[in-house]
Number of protein chains: 2
Amino acid sequence: MGGDGAPDVPVAAALEAVAARPDALRVMLVGERRAVEAALARCGGVGTPGVAVCDAEGILPEGGHPATLMRRLPRNSIRQAARLVAAGDADAAVSMGHTGACLVAATWEMGLLPGVERPAAAVTFGFAPDMTFLDAGPNPDPTPDQMVQFARLGLAYAATVFGIPTPRVALLSNGREPGKGNRLAQAAFRRLEASGLPFIGNVEGLDLVHRPADVVVTDGFTGNAVLKAVEGVAGHLAGLLTGVAGGGGDLARAAAEIARVADTTQTGAPIAFLGVDGLFVPGHGRSDAAAIARTLWRTAEMVRSGFVDRLRSGLAPAPCGEEAAP
Amino acid sequence: MGGDGAPDVPVAAALEAVAARPDALRVMLVGERRAVEAALARCGGVGTPGVAVCDAEGILPEGGHPATLMRRLPRNSIRQAARLVAAGDADAAVSMGHTGACLVAATWEMGLLPGVERPAAAVTFGFAPDMTFLDAGPNPDPTPDQMVQFARLGLAYAATVFGIPTPRVALLSNGREPGKGNRLAQAAFRRLEASGLPFIGNVEGLDLVHRPADVVVTDGFTGNAVLKAVEGVAGHLAGLLTGVAGGGGDLARAAAEIARVADTTQTGAPIAFLGVDGLFVPGHGRSDAAAIARTLWRTAEMVRSGFVDRLRSGLAPAPCGEEAAP
């Protein structure tokens with residue numbers, strides 16, 4: 001039921017995803033049964049093998065505090081999807097709905113990995129598709145220790161999902177020198193240095209496009225502002241090229257790269273919530289059916305890679321929570 | 001003596017600026033006399049009317065705390081330039097040197113406007129050249145009251161320099177709803193609402209490219225990260241188009257706009273320090289001679305507009321400092 005074109009767009013995406021890989025993907029459509037079945041009928045998908053409907057009740061309104069909404073509408077589609085994963089009836093949940101509500105539902109139903117105090121939203125940028133950037137929003141005021149936990153989660157993600165053998169982590173700051181930062185970043189820098197993690201120091205905004213590390217950690221307020229500003233500017237620039245770069249050659253390649261950077265399904269869409277004990281992949285509300293289908297395939301690949309188990313074992317050798325309290 | 005190509009690049013820029021507008025601009029080159037005169041000779045500018053040399057001693061090293069450097073090298077070129085303005089011997093100072101050192105020199109020599117606790121760095125973006133964005137760096141941990149002061153300075157700047165009759169100010173946050181933000185942004189939101197200023201609420205990073213307000217206020221840590229990330233990505237995208245968009249028509253216009261957004265002299269270069277009692281215009285260390293010449297012309301126009309007097313009187317009707325302490 002989530003995202004701008006629900007329920008038709010996600011239903012069409014599910015049919016597209018299953019049709020392309022019928023042996024590798026089955027989808028449960030979680031939502032108000034009548035609405036979902038009507039959308040299935042409109043999309044010509046009634047009776048498609050590998051596509052089932054799971055009932056949910058209530059549609060989350062725009063705005064409002066996620067936890068309050070979760071209590072008021074306890075059987076909403078986002079929470080029901082998280083429940084299916086927690087119960088072992090599904091391998092992963094995907095939603096284009098309210099990101100904050102997705103995070104609350106995932107945390108409440110799946111719980112957190114050992115040593116993790118707060119889950120983080122990890123994202124990638126179109127210009128650096130295997131650089132893990134977190135936190136992108138849920139934690140606007142983390143503690144320095146929580147930022148060390150983000151680093152640990154990001155490193156485990158980079159190793160397991162991107163297959164980077166010895167990933168390294170950097171801290172986003174307002175300059176590269178060790179003394180730079182606001183009070184939070186300065187404190188996080190000291191904790192990261194003392195953490196034993198492969199920490200390479202500060203990077204600044206200008207460095208991001210050059211992929212300065214495998215993982216870049218920041219607080220959710222700064223992370224959100226940076227991510228959305230980049231997304232807005234890249235989208236603006238891509239719009240300038242629309243319709244003027246139809247030919248081939250170098251120009252078409254440049255235009256395609258700009259479009260890729262501006263693509264909200266590649267830049268800005270969270271790749272996963274890190275720290276929850278299960279796989280919940282939130283997506284952009286503006287995603288079209290093709291983008292949602294790609295997200296479903298990617299999620300299926302993460303399931304096959306044993307993502308959560310590998311994340312859990314990636315955390316095991318040096319558990320979070322070993323740092324001293326502030 | 002500041003910037004990547006000093007002293008030759010700024011000297012060439014001064015000659016270019018004066019040659020283009022000999023009736024409207026005179027330049028004092030502040031630096032170690034022998035080095036500056038040698039650069040003048042190399043540029044064929046010895047004896048040019050309207051170009052003088054003012055002696056300074058010592059070159060600031062890379063890194064180090066600005067205030068410490070100012071004390072250790074009290075007659076460095078940046079501080080000497082600020083002194084000339086404070087003494088009334090120059091109308092404005094321009095430097096491509098260490099931005100932090102420029103801010104300290106301007107504050108120490110010129111003092112602050114009434115009711116201003118901390119000067120801020122205001123910048124513009126190439127995609128919104130008359131939108132004032134501050135703070136871009138010097139204040140990574142401002143108080144909520146100082147952010148209200150930034151708003152007041154930005155509004156006065158927008159009114160006097162950009163000639164916007166009734167400018168409005170917004171707060172950068174991680175969402176548009178009033179409750180969004182980290183603790184600092186939430187507190188600043190409440191102070192801005194109570195300030196009597198024309199405050200239109202929160203904007204998010206995605207909105208910036210659409211110029212959501214005449215003035216956008218944020219803390220210097222977030223401002224710096226956003227500004228530099230946008231600069232980096234725009235530069236990356238502009239680089240993709242280099243050499244593939246030589247023709248005319250819509251494509252060339254799109255490429256030119258992308259280059260403009262990526263131009264560090266339009267996106268990212270501080271337009272002025274707001275809050276100091278005088279005009280000090282810092283520039284990008286990477287500026288070439290043409291960019292520095294443009295900065296000199298723009299500064300001369302700010303002087304003719306009575307910038308500082310107008311900023312001072314723009315602050316007068318509702319003086320800063322009227323808010324309660326936190």
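Visitor: Is the crossing where α4(B) passes α5(B) left-handed or right-handed?

Guide: Right-handed: a crossing gets that name if the near helix is turned clockwise from the far one by less than a right angle. Before we go on, this is a predicted model, where local features need pLDDT of at least 70, side-chain atom pairs count only at pLDDT 80 or more, and totals for chains, interfaces and linings use all residues. Residues are numbered from 1 along each chain, chains are lettered from A in the order written, and side-chain values use heavy atoms, without hydrogens and water.

Visitor: At what angle do the axes of α4 and α5 of chain B cross?

Guide: Two packed helices are described by the angle and the distance between their axes. Here, α4 (residues 77-86) and α5 (residues 99-110) of chain B cross at roughly 35 degrees, their axes coming within 9 Å. Axes are lines fitted to C-alpha atoms over the stretch in contact, with angles from 0 to 180 degrees between N-to-C directions; helices are DSSP runs (H or I, at least four residues).

Visitor: How much area do chain B and chain A bury between them?

Guide: Interface size is often given as the accessible area lost when the parts come together. Chains B and A bury about 3,800 Å², 74% of it on carbon and sulfur atoms (1.4 Å probe, summed over both parts). Each chain brings residues to the contact: 41 from chain B and 41 from chain A, with contact meaning heavy atoms within 4.5 Å.

Visitor: Which residue forms a salt bridge with A:Glu204?

Guide: B:Lys228 does, with the closest N and O atoms 2.8 Å apart. The rule wants a side-chain nitrogen of Lys or Arg within 4 Å of a carboxyl oxygen of Asp or Glu.

How values were computed. Helices (H or I, at least four residues) and strands (E, at least two) are DSSP runs, numbered from the N terminus. Buried area is the accessible area (1.4 Å probe) that two parts lose on being put together, summed over both.
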